[in-house]
Amino acid sequence: MNKAMLAPSMMCISEWRGAEKALDELEKGKIELLHVDVMDGIFVPNLMIGTESTKNLRKASSIPLDIHLMIERPEDKLDWFDIQPGEFVSVHAESTKHLQRVLAKIRSYGARPMAALNPATPLCMIEEVLDDVDAVLLMTVNPGYAGQKLVVQTLDKIRRLREMLDKSGREKVLIEVDGNVSFENAVKMRAAGADIFVCGSSSIFCKDTPIEENIRRFRACVE
Ligand code: DX5
Ligand code: ZN
């Protein structure tokens, strides 16, 4: 089993209030990745985190970025993000006709390519690119908004993907889960074989308890 990694969702931090304090708490909590949701209003019904905010975040924190591109034709826009070696970058299989080409381009920056799938998209869509990725991102809600409910059938999808990867000798390929990764759901997702957890409003940024305490509680759920 790969080590569990936490990737708090930056769209859950307000850009105008308390962002610096929140980033500081994430650094103290030894968070592995910062999840950056990029939405273009076409691939998903929302607009979110642009190129400048992404570059500013890179300057504001030493934690590596995990950039989730929910945009049409990502191949035309990759260069806008100034992608750095070691960063994770995910592209949706549904968003491009040339998935393999986009993944190879991400690799050419020294970054870590990831293929992403919406809940309704079958695993066979990425079968032919498993050698081109370091990880697969499975959406566990329909992308676009924070605060949604888990699409329950994605739990079995995580399990089937883990089985597919392990059986083909790709144990090191990571599975990232994104959407309603609550404390309770995280336990089930870990048991199914997930490695990277996008932590949003249902865990690390839940309003009732401090971030520090939420990080500790989350780690206990997945370690
Ligand atoms: C969409 C986002 C959301 C969100 C996660 O791609 O990544 O899934 O921020 O947070 P919650 O816990 O609200 O689903
Ligand atoms: Zn995301």
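1. D79 comes out as exposed, at 52% relative accessibility (exposed is over 50% relative accessible area, buried under 20%, partly exposed in between, with a 1.4 Å probe and protein chains only). Its side chain meets that of K105 in a salt bridge, 3.4 Å from N to O (the rule asks for a side-chain nitrogen of Lys or Arg within 4 Å of a carboxyl oxygen of Asp or Glu). K105 sits in helix 3 (residues 99-108) and D79 in the loop between strand 4 and strand 5, so the pair ties together parts 26 residues apart in sequence. K105 itself is partly exposed, at 28%.

2. Before going on, a word on the source: this is a predicted model, where local features need pLDDT of at least 70 and side-chain atom pairs count only at pLDDT 80 or more, while totals for chains, interfaces and linings use all residues. Residues are numbered from 1 along each chain as its sequence is written, and side-chain values use heavy atoms, with hydrogens and water left out.

3. Now the overall build. The chain has 6 helices and 9 strands (DSSP runs numbered from the N terminus: helices are H or I with at least four residues, strands are E with at least two). Its radius of gyration is 16 Å, close to the 17 Å from the globule rule for 223 residues, so the chain is as compact as a globular protein of that length (taken over C-alpha atoms; the rule is 2.2 Å times the number of residues to the power 0.38). Buried residues make up 56% of the 223.

4. Helix 1 (residues 19-28) is worth a look. K21 and E25 both lie there, 4 residues apart, about one turn of the helix, and their side chains form a salt bridge at 3.3 Å, N to O. K21 is exposed at 60%, whereas E25 is buried at 19%. D24 and K28 are also 4 residues apart in helix 1, about one helical turn, with a salt bridge of 3.2 Å, N to O. Here D24 is partly exposed at 40% and K28 exposed at 63%.

5. D156, R159, R160, E163 and K167 are linked in a network of them.

6. Two backbone spots to check by eye. I49 has a positive phi near 30 degrees without being a glycine; I49 lies in the loop between strand 3 (47-48) and helix 2 (51-60) and is buried at 13%. R73, not a glycine either, has a positive phi of about 45 degrees. R73 lies in the loop between strand 4 (65-70) and strand 5 (88-92), and is partly exposed at 46%.

Conventions:
Chains lettered and ligands numbered in written order.
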